[in-house]
Amino acid sequence: MIEGDTTIDQAIPADIVACRRLWLNVLLQACGDAQRKIRSTKPRGGEAITRIERDRARLWLTGSSLDLELVCDYAGIAAGRVQRWARRCRDDDWSGPEKGW
């Protein structure tokens, strides 16, 4: 769901929209972690991420797990769409495809 998407926001009660946005942000964080480059020093203005955290995000997004299915369901997105997107990212060396899920 995209901020300001009034069509969806008007059709669903506000508390459900807020909950979906929370879970969508969980997915977006995992996607960002999966695409992040490992650096030897902490980047200015950002948090460092370890190789283990990055690899866990990648496995979680490309694999099949009940956790991923639940998070996607709570976010209102089909888990298969997220997995296909993540696999395209993986195939592009995690640089990310031009189009999102």
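## Getting started

This is a predicted model, in which local features need pLDDT of at least 70 and side-chain atom pairs count only at pLDDT 80 or more, while totals for chains, interfaces and linings use all residues. Residues are numbered from 1 along each chain as its sequence is written, and side-chain values use heavy atoms, with hydrogens and water left out.

## The whole protein

The protein has 5 helices and 0 strands. Here helices (H or I, at least four residues) and strands (E, at least two) are DSSP runs, numbered from the N terminus. Reading from the N terminus on, the elements run α-α-α-α-α.

Of the 101 residues, 27% count as buried. Buried means under 20% relative accessible area, exposed means over 50%, and partly exposed lies in between, using a 1.4 Å probe and protein chains only. As for contacts (heavy atoms within 4.5 Å), residues 24 or more positions apart account for 44% of those with a separation of 6 or more.

## Helix α2

Helix α2 covers residues 14–35, which makes 22 residues. From its first C-alpha to its last it reaches 31 Å, close to the 32 Å expected at 1.5 Å a residue; the expected span is 1.5 Å times one less than the number of residues.

Which residues of α2 are buried? They are V17, L24, L27, A30, C31, D33 and A34.

## Where α2 meets α3

Helix α3 spans residues 51–62, and α2 packs against it at an angle of about 120°, with the axes 8 Å apart. Axes are lines fitted to C-alpha atoms, for helices over the stretch in contact, and angles run from 0 to 180 degrees between N-to-C directions. The two helices are therefore oblique to each other. For these labels, angles under 35 degrees count as roughly parallel, over 145 as roughly antiparallel, 65 to 115 as roughly perpendicular and the rest as oblique.

The crossing of α2 and α3 is left-handed, a term used if the near helix is turned anticlockwise from the far one by less than a right angle, with right-handed used if clockwise. On the α2 side the contact is made by L27, A30, C31, D33 and A34, and on the α3 side by R54, A57, R58, W60 and L61. By class, this contact has 7 nonpolar, no polar and 3 charged residues. Ala, Val, Leu, Ile, Met, Phe, Trp, Tyr, Cys and Pro count as nonpolar, Asp, Glu, Lys and Arg as charged, and the others, Gly among them, as polar.

## Residues of α3

R54 has its place in helix α3 and is buried, with a relative accessible area of 11%. Leaving aside neighbours within four places in sequence, R54 is in contact with D33, A34, R36, I38 and I49. R51 also sits in α3, but at 49% relative accessibility R51 counts as partly exposed. From R51 to D33 there are 18 residues in sequence and 9.7 Å in space, C-alpha to C-alpha.

Is T62 buried or exposed? This residue of helix α3 counts as buried because its relative accessibility is 12%. Beyond its neighbours within four places in sequence, T62 touches A86, R87, R90 and W94.

## Where α2 meets α4

Helix α4 runs over residues 66–75, and its axis comes within 7 Å of the axis of α2, crossing at roughly 135°. These helices are therefore oblique to each other, and α2 passes α4 in a left-handed crossing.

In α2, R20, W23, L24, V26 and L27 meet L68, V71, C72, Y74 and A75 of α4. This contact has 9 nonpolar, no polar and 1 charged residues.

L66 and A79 are 13 residues apart in sequence, and their C-alpha atoms are 9.9 Å apart in space.

C89 belongs to helix α5, residues 79–91. With 0% relative accessibility, C89 counts as buried. Between C89 and T62 there are 27 residues in sequence and 9.6 Å in space, C-alpha to C-alpha.
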